[in-house]
Amino acid sequence: MTSGRGAGLWLLLGALAAGPAGADCRDLAAPRAVPTAAEGQWSLATFNLWRLRDTEKNSRIDRPLDDAVYQARLDALAGYIVDTLKAPVLLAVQEVENLAILEQLAERVTARGGPRYRARLLEGHDPAGMDVALLHRAPAEVGGVRALFADQRFRNQPLFSRPPLAVSLTAPRELTLVIVHLRSANGLGEKPWVAEKRRRQAARLAEWSRAHSDTALAVVGDFNSAPDSGAFSEPWTVMAASGLYNSWDRVKSEERYSYRHRCRPQTLDYVWLSEALKAELQGVAVSRGNAGRYDRLYGSDGTEVVSDHDGLVTYFE
């Protein structure tokens with residue numbers, strides 16, 4: 001079980017991300033919700049749930065929560081989805097342990113006064129059990145769900161520990177939604193295979209996207225990559241050459257970030273669109289209140305500040 005609030009591995013990880021003391025960054029933007037979708041619009045969001053796990057130890061490196069913290073996390077995330085992300089029709093998520101947790105989160109959203117969501121998740125290969133998934137609500141209708149590249153290998157291991165989740169939707173319009181969480185940059189400077197794995201993941205995803213770019217396609221999620229950052233930028237560079245449209249281009253330059261690494265803003269989270277969906281894009285917004293608030297995130301075990309990422313939301317006619 002996890003020890004007291006802010007202790008153990010999670011506090012250490014917070015300190016490494018934020019700097020020697022793990023302190024909150026200075027001059028952060030005030031917490032801010034995204035706009036509610038206008039009449040006639042539907043919204044698609046991506047959000048990293050910051051290792052949303054339950055009270056059971058499912059693997060050697062799993063660090064389960066005690067029940068009080070787990071329940072508080074569900075309540076806090078439900079409030080964030082309803083009040084800050086404004087209950088998007090499609091909510092792509094990363095870092096959730098299993099389908100049962102996501103279904104419990106959906107129930108908390110409804111109890112909070114939000115809409116009734118359905119959850120979609122296929123288990124991947126991540127050693128800590130983290131997966132990508134989808135929460136969707138009316139008017140969305142799902143025709144099918146499958147994992148992409150789940151059997152592809154790299155160095156005798158799965159190429160994707162978290163295989164992209166491809167969701168075929170029939171409403172609010174026909175489209176394919178691919179939810180992504182690429183390999184992190186941990187070890188990037190010391191282990192050459194890390195850079196190679198990240199390149200191969202991005203190249204495979206970009207190749208697949210090009211082959212489907214004549215359809216309505218959205219490739220979204222946490223790409224663990226950002227422009228103008230050396231080797232860390234390689235997956236972003238590959239995706240930028242895929243022919244898909246980067247929805248961050250609709251956001252003012254000073255607002256183009258969803259994460260802070262050592263307090264420096266980064267755009268780790270993306271909604272890439274085919275031309276068919278780009279033509280229907282009416283707006284892009286990013287929430288504020290999470291990125292850079294290391295003390296409150298790790299000190300509360302995610303029950304006050306709920307993630308180290310802010311949410312990225314796109315709006316379509």
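Predicted model: local features only at pLDDT ≥ 70, side-chain atom pairs only at ≥ 80, totals over all residues.
1. The disulfide runs from Cys 25 to Cys 263, with an S to S distance of 2.1 Å. If you care about its handedness, the torsion about the S-S bond of Cys 25 and Cys 263 comes out at about -95°, so the disulfide is left-handed. As for where the two ends sit, Cys 25 is in the loop between helix H1 (8–18) and strand S1 (42–52), while Cys 263 is in the loop between strand S12 (259–261) and strand S13 (264–266), so the pair ties together parts that are 238 residues apart in sequence.

2. Are the two cysteines buried or exposed? Cys 25 has 7% relative accessibility, and because buried means under 20%, Cys 25 counts as buried. Cys 263, at 27%, counts as partly exposed.

3. Now for strand S8, residues 165–171. S8 is mostly covered, with five of its seven residues buried.

4. Which strands does S8 pair with? One is strand S5 (residues 141–147), which runs antiparallel to S8 and is joined to it by six bridges. Within that pairing, Val 145 has Val 167 of S8 as its bridge partner.

5. Strand S9 (residues 175–181) also pairs with S8, again in the antiparallel sense, over five bridges. Here Ser 168 stands opposite Thr 176 of S9. The link from S8 to S9 is a hairpin through three residues.

Technical notes:
Residues numbered from 1 in each chain as written. Heavy atoms only, no water. Disulfide = S-S within 2.5 Å. Helix = DSSP H or I, 4+ residues; strand = E, 2+ residues; numbered from the N terminus. Buried < 20%, exposed > 50% of the residue type's maximum accessible area, 1.4 Å probe, protein only. Pairing = 2+ DSSP bridges.
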